[in-house]
Amino acid sequence: MALTLYVDTARWRAHQKQIQDQFPGLIPVCKGNGYGFGHERLCEEATRMGSDILAVGTTYEAASIKDWFGGDLLVLTPFRRGEEPVPLPDRVIRSVSSVDGVRGLVGARVVIECMSSMRRHGISEQDLGLLHSAIEDVRLEGFALHLPLDRPDGSDAVEEVIGWMDRLRAARLPLHTMFVSHLKAQELTRLQQQFPQTRFRARIGTRLWLGDHEATQYRGAVLDVTRVSKGDRFGYRQQKAASDGWLVVVAGGTSHGVGLEAPKALHGVMPRAKGVARAGLATVNRNLSPFVWAGKQRWFAEPPHMQVSILFVPSDATEPKVGDELVAHLRHTTTQFDRVLDA
């Protein structure tokens, strides 16, 4: 009995092909938990797609992925002097976000990140003049811009990239390749038309692997079902059942990522109100689980255990049976499945 990731493989790959067609020369991203699919699976998919470069998050990921992907590996986390050395093949490309970082990678292949409106890391405009001598000692693969997802100020992503292209050109730095993140297909087309001598390469992860929500589904198997009456005590903390119903033990616990939720940015009055309501219920130990039964998300009976969760299903619903599977609305990037089944 397991927490299973079901993949409609034909649909999933059809979506990948659609994204490839929209972003010629895209670079797939494989980082973290492999967007819920695992590193090995995404390496296989990137190879099948004919990708020449795969982007990874860290040098540690590059070290483990190098045996699964035969092309170049672009490490997205910028190099810092003093970091732990990790043995990597020559086909690994390092990101750098400072002049000092460039100077610390003599002989290496590098991509230089420019400081975008994300303000996370990157070379500043003031540092461009110092790059001329620094890049003489590295193999420069290009420059990069990691852009924000939302623009509430109404600014234009294309104009931001153009601004950096103009700065780099004014500094007489090579513009053969620009790596970009979080651009729309039409925005990339505009840039390619305006700068035909530069190759723009989009680094895409979420949109590529998770863009078609109907292509994948998590389901947890029911392991046990126990009838309880109002007032019966149960669980680690011996709480009382609020009404008649069933305690349903389902595969999927904290080791799978169940009950772990990354913070979300809330926009609008209604989402904020729902967030306040959920927080209020949590203070009285009422937490909605990600598992769905009979068309409704069911409440945790108590906090999830390491490998299973105990849900409360009231008596007015259909009784679950051992072996049934409950759909689970889980975030791919924080979930670890027991098995994956391709449809």
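**Entry 1: Ser 124**

I began with Ser 124, which is partly exposed, with a relative accessible area of 22%. The model I am reading is a predicted one. The cut-off for buried is under 20% relative accessible area, so at 22% Ser 124 counts as partly exposed. I found Ser 124 in the loop between strand S6 (109-113) and helix H5 (131-134). I also looked up its separation from Arg 203, 79 residues away along the chain, and the two C-alpha atoms are 21 Å apart.

**Entry 2: the whole protein**

I noted nine helices and 18 strands. The C-alpha trace spans about 75 × 45 × 40 Å along its principal axes. Of the 343 residues, 48% are buried. Among contacts with a separation of 6 or more, 66% are between residues 24 or more positions apart.

**Entry 3: the eight-stranded sheet**

I traced an open sheet of eight strands with parallel pairing, in the order S2-S9-S8-S7-S6-S5-S4-S3. Strand S2 (27-28) and strand S3 (53-56) are at the edges, and each has a single partner strand, so one side of each has no neighbour in the sheet.

I then checked one pair inside this order. Strand S7 (residues 139-146) pairs with strand S8 (residues 177-181) in the parallel sense, over four bridges. Ala 144 has Phe 179 in S8 as its bridge partner.

Which helix lies across S8 and S9? I found helix H7 (residues 185-194) there, running at about 160 degrees to strand S9 (199-204).

**Entry 4: H6 against H7**

I followed H7 to its contact with helix H6 (residues 157-170). The two axes come within 9 Å and cross at roughly 30 degrees. H6 passes H7 in a right-handed crossing. From H6, the residues in contact are Ala 157, Val 158, Glu 159, Val 161 and Ile 162, and they meet Glu 187, Arg 190, Leu 191 and Gln 194 of H7. I sorted this contact by class and got five nonpolar, one polar and three charged residues.

**Entry 5: H1 against H2**

At what angle do H1 and H2 pack? I read about 55 degrees for helix H1 (residues 9-22) and helix H2 (residues 39-49), with the axes 12 Å apart. That angle makes H1 oblique to H2. H1 also passes H2 in a right-handed crossing.

On the H1 side I listed Thr 9, Trp 12, Arg 13, Gln 16 and Gln 20, which meet Arg 41, Leu 42, Glu 45, Arg 48 and Met 49 on the H2 side. By class, three residues of this contact are nonpolar, three are polar and four are charged.

I looked up burial in H2 as well. Its buried residues are His 39, Arg 41, Leu 42, Cys 43, Glu 45, Ala 46 and Met 49. Just after H2 comes Gly 50, with a positive phi of about 80 degrees.

**Entry 6: strand S17**

I finished with strand S17 (residues 325-328). Which residues form its covered face? They are Leu 326 and Ala 328, whereas Glu 325 and Val 327 form the uncovered face.

I found two antiparallel pairings for S17. Strand S10 (residues 216-228) is joined to S17 by four bridges, and Gly 220 stands opposite Leu 326. Strand S14 (residues 288-293) is joined to S17 by two bridges, and the bridge partner of Phe 291 is Ala 328.

Note on methods:
Residues are numbered from 1 along each chain as its sequence is written. This is a predicted model: local features need pLDDT of at least 70, side-chain atom pairs count only at pLDDT 80 or more; totals for chains, interfaces and linings use all residues. Side-chain values use heavy atoms; hydrogens and water are left out. Axes are lines fitted to C-alpha atoms, for helices over the stretch in contact, and angles run from 0 to 180 degrees between N-to-C directions. Angles under 35 degrees count as roughly parallel, over 145 as roughly antiparallel, 65 to 115 as roughly perpendicular and the rest as oblique. A crossing is left-handed if the near helix is turned anticlockwise from the far one by less than a right angle, and right-handed if clockwise. Contact means heavy atoms within 4.5 Å. Ala, Val, Leu, Ile, Met, Phe, Trp, Tyr, Cys and Pro count as nonpolar, Asp, Glu, Lys and Arg as charged, and the others, Gly among them, as polar. Two strands pair if DSSP finds at least two bridges between them. Buried means under 20% relative accessible area, exposed over 50%, partly exposed in between (1.4 Å probe, protein chains only).
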